[in-house]
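Let's take a walk through a protein model together.

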Amino acid sequence: NRAQLADVLPAGTRFAAAAVLVGIVDREEPTILLTRRTETLATHAGQVSFPGGRIDPGDRDAIAAALREADEEIGLAAHHVEPLGYLDPFETISAFRVLPVVAMVRPGFELLLNPAEVAEAFEAPLSLFLDHSAQRVQYIDYRGLRREIHEFEFGGRRIWGATASMLINLRERLERCR
């Protein structure tokens, strides 16, 4: 999606490496594990997101970073998570290059939210994000230009921006596997 950012970020912008956990909870009807960020965060406050964050120098790879961040943010223990692979990298207007790590999450986990970062964690049906008719497109003006924003709605929550784009990428990958 770098071309979409060409007129938003200055040329030569250095992107910080980040990873998120796209957790598919292995239930009778599979769900996606999501969080809502606290309103006090400096960036993306109040937005729905995946657990994740910056890849630290001590992280072996993106999987290790996503697992560490999921544990730090929501208390999801790594032994409940089986990494499966990656979605396409996604660059954000906040200058992060995010690698989404897709994983199966075994039920039976108990979450412990970090109140400094996460206001809530919830599960939304995977089927919602596989349904093309559930995806909406909104247009916003950002820095004087009209932008297309993809979004989903679940339980009164707006799932949009990078998170929605990653969910669309997941749907596209799953459709190719059929």
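Predicted model: local features only at pLDDT ≥ 70, side-chain atom pairs only at ≥ 80, totals over all residues.

Start by finding helix H2, which covers residues 62-74. Its 13 residues reach 18 Å from the first C-alpha to the last, close to the 18 Å expected at 1.5 Å a residue. Now look at the two ends. At the start of H2, a side-chain oxygen of aspartate 61 comes to within 3.2 Å of the backbone nitrogen of isoleucine 63. After the helix comes glycine 75, which has a positive phi, near 70°.

A residue is called buried when its relative accessible area is under 20%. Among the buried residues are Leu67, Arg68, Glu69 and Ile74, along with several alanines, including Ala62 and Ala70. What do these buried residues pack against? Their partners are strands: S1 (16-25), S2 (31-37), S4 (52-54), S5 (81-86), S7 (96-105) and S8 (118-125).

Next, turn to the second largest pocket, which holds about 150 Å³ of space. Two elements each give two or more residues to its lining, namely S5 and helix H4 (161-177). H4 gives the most, with 4 residues. You can pick out Leu84, Tyr86, Leu170 and Cys177 among the lining residues. What kinds of residues line this pocket? The lining divides into 8 nonpolar residues, 1 polar and 1 charged.

Conventions: Residues numbered from 1 in each chain as written. Heavy atoms only, no water. Expected span 1.5 Å × (residues − 1). Buried < 20%, exposed > 50% of the residue type's maximum accessible area, 1.4 Å probe, protein only. Contact = heavy atoms within 4.5 Å. Polar contact = N/O pair within 3.5 Å; in protein donor to acceptor, adjacent residues only side chain to side chain. 1 Å grid on protein atoms, 1.4 Å probe; cavity = no way out; pocket = protein on both sides within 12 Å on 5 of 7 lines; lining within 4 Å. Points joined across faces, edges and corners; volume = space filled by probe spheres on them. Nonpolar A, V, L, I, M, F, W, Y, C, P; charged D, E, K, R; others polar.
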